[in-house]
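This briefing sets out the fold, the model confidence and the aromatic pairs of one protein. Please consult the sequence and the structure shown below alongside it.

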Amino acid sequence: MTNTLLDERERNLLQWRSRRGLVENDIFIGQFFATYGDQLTHRHAAGLSALMDLADNDLLDLFLHRKEPEGALDTEEIKEVLELVRKRQPGSLSHVG
């Protein structure tokens, strides 16, 4: 994994792949891309891609601090992405969880 920035095409593909069935996950992910989209690196892309392999409820549990990454998900890339996703603006998504 590298810290080189994603180009626009890579970022758009990642964002499209990150669409979810649960609206709560889509809100978290949408805010993540709105806040950090132009700063995302290949390292972030690897972490987010691994998270996108999870079932929606398991992903939401990680976003809401109900669970922490374990096993194969316990990587620096995933932890870094989760930290960014969890840094939402105060008051936003207050209905979630």
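Among contacts in the protein between residues at least 6 apart in sequence, what percentage join residues at least 24 apart? In this predicted model, the share is 72%. The protein contains 5 helices and 0 strands, in the sequence pattern α-α-α-α-α.

**Burial and surface**
- Of the 97 residues in the protein, 39% are buried.
- The protein has an accessible surface of about 5,700 Å², and carbon and sulfur atoms account for 49% of that area.

**Model confidence**
- The average pLDDT of the protein is 91, and 89% of the residues reach at least 70.

**Aromatic pairs**
- The structure has 3 aromatic pairs.
- One of these is the tilted pair of F28 and F63, with 5.1 Å centre to centre and 45° between the planes.
- This pair joins distant parts of the chain, as F28 lies in helix α2 (residues 23–36) and F63 in helix α4 (residues 56–63), 35 residues apart.
- F28 is buried at a relative accessible area of 1%, and F63 is also buried, at 0% relative accessibility.
- The ring centres of F32 and Y36 lie 5.8 Å apart with their planes at 50°, and the pair is therefore tilted.
- F32 and Y36 are 4 residues apart in helix α2, which means that about one helical turn separates them.
- F32 and Y36 are both buried, and ring pairs connect F32, F33 and Y36 in a cluster.

Conventions: Residues are numbered from 1 along each chain as its sequence is written. This is a predicted model: local features need pLDDT of at least 70, side-chain atom pairs count only at pLDDT 80 or more; totals for chains, interfaces and linings use all residues. Side-chain values use heavy atoms; hydrogens and water are left out. Helices (H or I, at least four residues) and strands (E, at least two) are DSSP runs, numbered from the N terminus. Buried means under 20% relative accessible area, exposed over 50%, partly exposed in between (1.4 Å probe, protein chains only). Contact means heavy atoms within 4.5 Å. Accessible areas come from the Shrake-Rupley method with a 1.4 Å probe; for residues, only the protein chains shown count as cover. pLDDT is the predictor's confidence in each residue, from 0 to 100. Rings of Phe, Tyr and Trp (its six-membered ring) pair if their centres lie within 6.5 Å; planes under 30 degrees apart count as stacked, over 60 as edge-to-face and the rest as tilted.
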